[in-house]
Amino acid sequence: MTMIFGIPIQALLGQLLVGLINGSFYAMLSLGLAVIFGLLRIINFAHGALYMLGAFIGYLLLVHLGIGYWPALVLVPIAVGVFGMAVERAALSRLYRLDPLYGLLFTFGMALVIEGAFRFYYGVSGNPYAVPPLLAGGTNLGFMFLPNYRGWVVLASLIVCIGTWLLIEKTRLGSYLRAATENPELVQAFGVNVPLLLTLTYGLGAALAGLAGILAAPVYQVSPLMGSDLIIVVFAVVVIGGMGSILGAIVTGYMLGLAEGLTKVFYPEASNLVVFVIMAIVLLLRPAGLFGRDA
Amino acid sequence: MSELTLQERRAAASVRLEWGLVALGIVALIAAPFFIYPIFVMKMLCFALFACAFNLLLGYTGLLSFGHATFFGGAAYFCAYAVKAWGWPPEAGILLGMGGAAVLGLVMGFLAIRRQGIYFAMITLALAQMFYFFCVQAPFTEGEDGIQGVPRGSLFGIVDLNVTMNMYYVVLTIFLIGVFAIWRIVNSPFGMILRSIRENENRAISLGYSVGRYKLAAFVMSAALAGLAGATKAIVFQFATLTDVTWQMSGGVILMNLLGGIGTMVGPVVGAGLVVGLENTLATSGFPVTIATGLIFMVCVLIFRRGIVGELYARWLSPAEAGSDRDKA
């Protein structure tokens, strides 16, 4: 058996793959957080709850309506996005003139309500969501065995991340969005409907979280608690990367997933802690974050 | 001119009224265990002190920590372990818990003050989660079970704490000392500098204050006092568990402040009483506590940012003292 640093190479690659999967979700979620924060100046604590909501809507569509994975991949982000836009219109839009901390506290309360409701109705145990038949099984790559669905998750998250990046950097809508981030009053004066832009942005962020949720459903179990622990790790990712750049959020997400996977190989006890330790080190050496402009 | 004197008269009247209410509150607390289940009042007092310690940071320095469960729950673990495993007397255990919380506060504060505002909140949350994972894995916390059967012992070898009434008045004394300490801190010159940092950090810097040190000092003090509350709770309930170090606990103490009134002396006490009372009521009703908590959060942030006491101040007493509504024009 091939060994690398005294570890069988299969085990190493296997953990790196797990890390890459986790990293895919970190990247998609921190991307959504960065998009929302960029324009709304709100840290969306409910992002984990929206991710859970996405997975649950997918699960409920399957169980109650018999709607499978592929239609859900389209329906779920739309549903979560619409939900997000409604919340933004009804509540978040009233908080823009206040200290950003109020946005954090409001979305924290929202996360508690969403999670509490699902816990009340569905308990805390996880519900399995079957891998779609098209992606069942795996492929032997010669040096390791790759379950097809996991390969798809990595591919899909890359597509989502690059797509969002292109949307923001290369399209007209994206240019409005970036301009409104710099100076909302001026952009409004040029006749762009900034409040609508804010609503759409939050909807986009929520839809990204929902999409991550339905992608995650077959990998992890669908449970009301799946979002809350994840969101704290994603916050650490966001602190490490800095929210100044979309690309930074994406790259940091993947990197930390891989770092976590590597730690699981060499020192499994610390794998829960490694992201936070990296955050502490980054704060000591480069307080603004790896990609951050100084806040 | 006449308006000024009117205002002065109102301010003086409000100060008299405040002291009257505080005296009334102390008398009520002394009498409380004869009318209400003492253990429940002790729980309220521990959380009230925790909330006041948190308010020192949020209300008077303007720093939102999302990781205060670390100090509350951490101190409970240290105290419970010292008392149970090493046979320390309760007063030594509580002091150890407080000291341990201060050290944790020094480390967390040192890292977190490197960023501001929203990042500060996220960093404290992440570090508190790290401490939570540490507590899950560390052998001395006894994992999911927690440290159970902590003996109450006797205070200074004289006062037997197994007698509920003795325990109650010790807790009340600790609470009053803690709150008095916070009152002294926020009304000292040091406290004035903290307020200036809250109001305008850049101006405080330009006036020559090393803002970082003041923030760190406030953070450590707040952590130590939160630790005092947590360690006392461990003695009262004779256990220390993971519940006290979760992020839900950090959220709970924010809620107590938000509901009662951020930046008022009495607000956190009122908020803690209401939240603990609500949790007790809901525990038997079957309605999930998290949903109620979340709804209160949302309502408070949307329409009730001054909190109960802050709102009372704003309506009936001198407007200048009406808490810190952090609205920006």
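Here is a conversation about the terms and the values behind them.

Modeller: Gladly. This is a predicted model, where local features need pLDDT of at least 70 and side-chain atom pairs count only at pLDDT 80 or more, while totals for chains, interfaces and linings use all residues. Residues are numbered from 1 along each chain as its sequence is written, and chains are lettered from A and ligands numbered from 1 in the order in which they are written.

Colleague: How do you know how confident the predictor is in chain B?

Modeller: By pLDDT, the predictor's confidence in each residue, from 0 to 100. Chain B averages 86, and 94% of its residues score at least 70. Within chain B, helix α1 (residues 2-31) is lowest at a mean of 76, and helix α9 (residues 211-237) is highest at 94. Over residues 320-329 of chain B the pLDDT is below 50, although this stretch has 25 contacts in the model beyond near neighbours in sequence. Where pLDDT is low, the predicted coordinates should not be read in detail. For the model, ipTM is 0.85 and pTM is 0.87.

Colleague: What makes chain B as compact as a globular protein of its length?

Modeller: Chain B has 13 helices and two strands; these are DSSP runs numbered from the N terminus, helices being H or I of at least four residues and strands E of at least two. The globule rule is 2.2 Å times the number of residues to the power 0.38, with the radius of gyration taken over C-alpha atoms. For 329 residues the rule gives 20 Å and chain B has 20 Å, so chain B is as compact as a globular protein of that length.

Colleague: And which radius does chain A have?

Modeller: Chain A, with eleven helices and four strands, has 19 Å, which agrees with the value near 19 Å for a compact globule of 295 residues.

Colleague: Why are some residues of α11(A) called buried?

Modeller: A residue is buried if 20 or more other C-beta atoms, placed from the backbone, lie within 10 Å of its own; 12 or fewer makes it exposed, and in between it is partly exposed. In α11(A), the residues that are buried include A:Phe276, A:Met279 and A:Leu283. Among what covers the buried residues of α11(A) are α9 (228-241) of chain A and α5 of chain B. By chain, buried residues make up 49% of chain A and 50% of chain B.

Colleague: What makes a residue part of the side of chain B that touches chain A?

Modeller: Contact, meaning C-beta atoms, placed from the backbone, within 7 Å. On that basis 35 residues of chain B are in contact with 36 residues of chain A. The largest share of that side of chain B, 13 residues, comes from α5(B).

Colleague: Which residues is B:Met122 in contact with?

Modeller: Leaving aside neighbours within four places in sequence, B:Met122 is in contact with A:Ile43, A:Phe235, A:Val238 and A:Val239.

Definitions and conventions. Two residues are in contact if their C-beta atoms, placed from the backbone, lie within 7 Å.
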